[in-house]
Amino acid sequence: KFSFRLFDSTDGEMCPAQFGAGYTQTLMARLKDLSTWKVSAFTGLPNKTIRNHTHDWAKTARPTGFAHLNEQFKAYPGWQFCLTANAHGRVHGILIDDTFHVVWLDQDHALYPEK
């Protein structure tokens with residue numbers, strides 16, 4: 001399941017005001033696909049197709065993580081998955097039970113900028 005209850009649309013760097021052509025369709029297709037997965041498949045070994053993994057915040061452009069969330073939600077590890085190989089960036093959020101709470105739609109891959 002997916003929830004947008006924690007979605008932060010005010011952070012222009014991690015969620016641009018406008019998305020590129022085809023972004024919404026690509027996002028919906030990925031959410032539809034992942035909604036058929038068991039949580040254990042998502043949290044298991046990293047999958048090259050979706051590039052799923054938790055965040056090592058110290059290695060990101062946001063070392064304080066999801067700083068805007070309350071302490072309860074900040075206690076959960078941050079997760080990411082990709083929409084496509086490189087063209088549409090990543091979706092970042094937290095996983096609580098069987099629900100992925102989307103926090104950022106990082107179309108430009110700003111959380112892990114190229115070095």
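Colleague: How many aromatic pairs does the count come to?

Modeller: Happy to start there, and do keep in mind that this is a predicted model. Ring centres must lie within 6.5 Å to pair. By this rule, the count of aromatic pairs is 11.

Colleague: Are the rings of W57 and F66 stacked or edge-to-face, and why?

Modeller: Both residues are buried, W57 with a relative accessible area of 17% and F66 with one of 5%. Their ring centres are 4.8 Å apart. Planes over 60 degrees apart count as edge-to-face. The planes of W57 and F66 are at 75°, so this pair is edge-to-face.

Colleague: Which residues form one aromatic cluster?

Modeller: Two of its members, F42 and F81, are also among the residues with the most contacts inside the largest nonpolar core. The cluster is formed by F2, F42, W79, F81 and F100.

Colleague: Which element gives the largest share of the largest nonpolar core?

Modeller: That core has 15 residues. Two or more of them come from each of α1 (23-34), β3 (78-82), β4 (90-96) and β5 (99-106). The largest share is four residues, and the element giving them is α1.

Colleague: How far is the charged end of R62 from the ring centre of W104?

Modeller: A charge over a ring has to be within 6 Å of the ring centre. The charged end of R62 does sit over the ring of W104, and its distance from the centre is 5.5 Å.

How values were computed: Residues are numbered from 1 along each chain as its sequence is written. This is a predicted model: local features need pLDDT of at least 70, side-chain atom pairs count only at pLDDT 80 or more; totals for chains, interfaces and linings use all residues. Side-chain values use heavy atoms; hydrogens and water are left out. A nonpolar core is a set of buried Ala, Val, Leu, Ile, Met, Phe, Trp, Tyr and Cys residues joined through side-chain atoms within 4.5 Å. Buried means under 20% relative accessible area, exposed over 50%, partly exposed in between (1.4 Å probe, protein chains only). Rings of Phe, Tyr and Trp (its six-membered ring) pair if their centres lie within 6.5 Å; planes under 30 degrees apart count as stacked, over 60 as edge-to-face and the rest as tilted. A charge sits over a ring if NZ of Lys or CZ of Arg is within 6 Å of the ring centre and within 35 degrees of the ring normal.
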